[in-house]
Each structure stands twice: as C-alpha cells, then as structure tokens.
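Okay, thanks for making time, everyone. I'd like to walk you through one model today, so let me put it up.

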Amino acid sequence: MTFGFAPSSAASLSASSMRTERSADSVNRPTRLLEPTEWAAAGIPLLRNPREVVSGLHSRHRPIPQTAVVAVLDPEERLRASASFTRRESHTDGWTFRNSLLSQLRRVIPHDLRRRTPVRTAVLLYCREGDARWTEEDGAWMWGLRDACTLHGLRCGAYITMTRDGWQVLGEGRGGRSPGLGSAVESLGSAEPPAPRTGGAATEMLRRAAAR
C-alpha cells in the first residue's frame, strides 16, 4: 500500500504563479546580447569614413523607426549589397535578430564560407527612437550581427544607431547630427551633369562654318 499527500490548492496556485512569472520574465528579458565592453573587446574593424557609409544607406533605404539596414562592404569599403527590414518581433532576443539578419544576407549576397579568412565586412544600421545611449536592444542586435556574420563567412563590422538626434557608431564614440531619423535624403551623386567644355580653335571653326 502506498501513502501520499495530495497537494493543497494554495501550493498548486503558488507553483503555477511562479512558473507564469518565470515564463513572462524569460519573454520580457533580453537574452543573447553583448555588453558594450564585450563589443569593444571583439576587435570590430573601424570604418574609414562612417558618415559616407551612413549617408549612403540612409539615401538608399530611407529608414523609419525600428528599421534595420544590413550592408556588406568590400575591403575598399565599397558597398556590395544591402537590405532593409522592419523589426516585427515583440521581444528582444539576439537569436531572433540573428535569424532575421542571416535571412537578409542570404537573399542579397553569396556566403564566403569557403574562404579561410573573411574578406567582406557586414555592418548594421538600426533606427530607433530614444537617445544614442546603449540599450539592451542594441546589445541583442550586436549579438545577432556577430553570429550572422560567422554563419555567412563575413567579418563582423560596425553597429550604428540612428535616432532623431543623428547617428552614432556604438563602441567608437564617432557620430554626427546628419543624417538622422526624419532628415532629408541626401543625393547619392551630383544632380547636374558637368558643363561641356567650350572655347578653343575647334569651337571657333565650327562657329564660323555655322555663320556661313
């Protein structure tokens, strides 16, 4: 014969509420993120001209809040591919962000996994409300970018935030007021073609021939 004790209703409710709290906490708390010190220690390559990179991506994609722009640069820092998408997840998690970034990279550029050493570099521009200070959401994007680069055979490059106050390369202390969220889109090139050269003996001969 086996004896036991049926759990009281109070104990059952207590255990159930604890499980619910842990579940809610795991959903609301960011996981898989990088702290600023960890990011700084990762040896992220510096951009030679971050404003040019930011202005180019801003002009091409015209991002709004909660838009992520992932771009692949060659060794000369020329843009080879880029894609933008709007964050739709309700919770902050680096693993989810990694999957979104990896999906975009696979869509726009072949992987470099056959290379012993990565040649191309991926950078991430994320547009959000608030100020330029690091947030846990930024830490999750950093984790996602680093992991996506590893899985696609790329070097992990800069993580850049853009707010209404301007842009900033996190971990480097470099930034600027323009472009920013809501600012006018800058032209990628000269709007007017160069004026044709005039003058000289050939032009004078043509003028005289036309006068006849």
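Predicted model: local features only at pLDDT ≥ 70, side-chain atom pairs only at ≥ 80, totals over all residues.

So, how do the residues of the lining of the largest pocket divide into nonpolar, polar and charged? They split into five nonpolar, two polar and six charged, where Ala, Val, Leu, Ile, Met, Phe, Trp, Tyr, Cys and Pro count as nonpolar, Asp, Glu, Lys and Arg as charged, and the others, Gly among them, as polar.

Residues are numbered from 1 along each chain as its sequence is written, and side-chain values use heavy atoms, with hydrogens and water left out.

Back to that pocket. By pocket I mean an open set of points on a 1 Å grid over the protein atoms alone, where a 1.4 Å probe fits, with protein on both sides within 12 Å along at least five of seven lines; lining residues have an atom within 4 Å of a point. Lining the largest one are 13 residues, with Glu 52, Val 53, Glu 77, Arg 78 and Leu 79 nearest its centre. The top contributor is α3, with five residues.

Now the core, meaning buried Ala, Val, Leu, Ile, Met, Phe, Trp, Tyr and Cys residues joined through side-chain atoms within 4.5 Å. Buried is under 20% relative accessible area, exposed is over 50%, and partly exposed is in between, with a 1.4 Å probe and protein chains only. The largest nonpolar core has 28 residues, and Trp 39, Leu 101, Leu 124, Trp 141, Leu 145 and Tyr 159 touch the most other members. Helix α5 supplies the largest share, seven residues. Apart from this core there's another, of 16 residues, including Leu 47, Val 69, Trp 167 and Val 169.

Last stop: Ser 84, in strand β2. Ser 84 counts as partly exposed because its relative accessibility is 31%. Leaving out residues up to four places away in sequence, Ser 84 touches His 61, Thr 67, Ala 68, Val 69 and Gln 104, a contact being heavy atoms within 4.5 Å. Its C-alpha atom is 4.2 Å from that of Val 69, 15 residues apart along the chain.

Technical notes. Helix = DSSP H or I, 4+ residues; strand = E, 2+ residues; numbered from the N terminus.
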